[in-house]
Amino acid sequence: MWELVGQLLPEMVGLAVTPAAIVACLLLLGSSHPFRNVVALAAPFLVVYGMLSAIALVAGRAAETGTEDPSTIRGWISLVVGALFVIAAGISWFRPVRRSVDPRSPGAMAPGAEAEPGWVSRLRDPSLRLVLGAGLLLALVNPNVAILLSGLGIVITADTTVGTQVVGVALLLAASMVDFVVPMIVFLLAGERGREWLRTATRWLLAHNRIIGIVVLIVFGVLFVGRGLAQILS
């Protein structure tokens, strides 16, 4: 089992580091119903990822009779996921950046400041229905889906028992909840000083959201491509 856990570590870290989900969670913690909204945001992630995991496990058990080398399969999955991340990073880098308006000069742009995305203002104090919809959208349109599929590929091709595979899936799902659980714990235990820190972190993440996203994509893209090539060529 520990061998499987070691193989899943990059995927677990990737699932636990989702800039968009972290920003959304921090924004909701500043709303009038912080805990309800964060739980409502996390629930679609857990449902969608749980369904994908169950389908992958069933399909993997049904395809056990294949003769393809599992390490080669895992290598190609990792290579494809990494390549997609690198491509996404390139697209984000070359995409035009919307600048925010400088309030001191109507119509002028504040130097170096990016415009606040529309979804940010809508999540500052949203309805429950809006939060559930945002959670479902983020769960589906998210690089984490590719990371999860990579992890599931490792799990279903592992030469181990069904129980160990279920543990591997549970670890992946638990990692995907870190983005929501950790900020909630900090918000609950740290008091007003901790909440001020969360507000500061939210402002910083919003100001650097694009760069952070690009760096995360490049780091995991290079990691997954390198691991995939090593597995294919070994």
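This is a predicted model: local features need pLDDT of at least 70, side-chain atom pairs count only at pLDDT 80 or more; totals for chains, interfaces and linings use all residues.
**Overall content**

The protein is built from 11 helices and 2 strands. In sequence order, the elements run α-α-α-α-β-β-α-α-α-α-α-α-α. The chain has 234 residues, of which 43% count as buried. Among contacts with a separation of 6 or more, 80% are between residues 24 or more positions apart.

**Helix 1 against helix 7**

Two packed helices are described by the angle between their axes and the distance between the axes. For helix 1 (residues 2–16) and helix 7 (residues 143–157), the angle is about 170° and the axes are 9 Å apart. Angles over 145 degrees count as roughly antiparallel, so helix 1 is roughly antiparallel to helix 7. On the side of helix 1, the contact is made by Leu4, Gln7, Leu8, Glu11, Gly14 and Leu15. Helix 7 contributes Asn144, Ile147, Leu148, Ser150, Gly151, Ile154 and Val155. By class, the residues of this contact divide into 7 nonpolar, 5 polar and 1 charged.

Gly151 belongs to helix 7 and is one of the residues that make the contact with helix 1. Its relative accessibility is 0%, and buried means under 20%, so Gly151 counts as buried. Apart from neighbours within four places in sequence, Gly151 is in contact with Leu8, Glu11 and Leu172. Leu8 and Glu11 are part of helix 1's side of the contact.

**Aromatic rings and charges over rings**

The structure holds 5 aromatic pairs. A pair of aromatic rings is described by the distance of the centres and the angle of the planes. In the pair of Phe45 and Tyr49, the centres are 5.8 Å apart and the planes stand at 90° to each other. Planes over 60 degrees apart count as edge-to-face, so the pair of Phe45 and Tyr49 is edge-to-face. Both residues lie in helix 3 (residues 34–62), 4 residues apart, which means that about one helical turn separates them. Phe45 and Tyr49 are both buried. Together with Phe180, they form one aromatic cluster.

Two arginines place a charged end over an aromatic ring. The ring of Trp93 has the charged end of Arg210 over it, 5.8 Å from the ring centre. For Arg227, the ring is that of Phe224, and the distance to its centre is 4.9 Å.

**Two further residues of helix 3**

Leu46 is found in helix 3. Its relative accessible area is 41%, and it is partly exposed. Not counting residues up to four places away in sequence, Leu46 touches Leu173 and Met177.

Arg36 is also in helix 3. With a relative accessibility of 34%, Arg36 counts as partly exposed. Leaving out residues up to four places away in sequence, Arg36 touches Pro126, Ser127 and Leu128.

**C-alpha distances across the sequence**

| Pair | Separation in sequence | C-alpha to C-alpha distance |
|---|---|---|
| Gly151 and Leu15 | 136 residues | 9.8 Å |
| Leu46 and Ala139 | 93 residues | 8.5 Å |
| Arg36 and Leu128 | 92 residues | 8.1 Å |

Conventions. Residues are numbered from 1 along each chain as its sequence is written. Side-chain values use heavy atoms; hydrogens and water are left out. Axes are lines fitted to C-alpha atoms, for helices over the stretch in contact, and angles run from 0 to 180 degrees between N-to-C directions. Angles under 35 degrees count as roughly parallel, over 145 as roughly antiparallel, 65 to 115 as roughly perpendicular and the rest as oblique. Contact means heavy atoms within 4.5 Å. Ala, Val, Leu, Ile, Met, Phe, Trp, Tyr, Cys and Pro count as nonpolar, Asp, Glu, Lys and Arg as charged, and the others, Gly among them, as polar. Rings of Phe, Tyr and Trp (its six-membered ring) pair if their centres lie within 6.5 Å; planes under 30 degrees apart count as stacked, over 60 as edge-to-face and the rest as tilted. Buried means under 20% relative accessible area, exposed over 50%, partly exposed in between (1.4 Å probe, protein chains only). A charge sits over a ring if NZ of Lys or CZ of Arg is within 6 Å of the ring centre and within 35 degrees of the ring normal.
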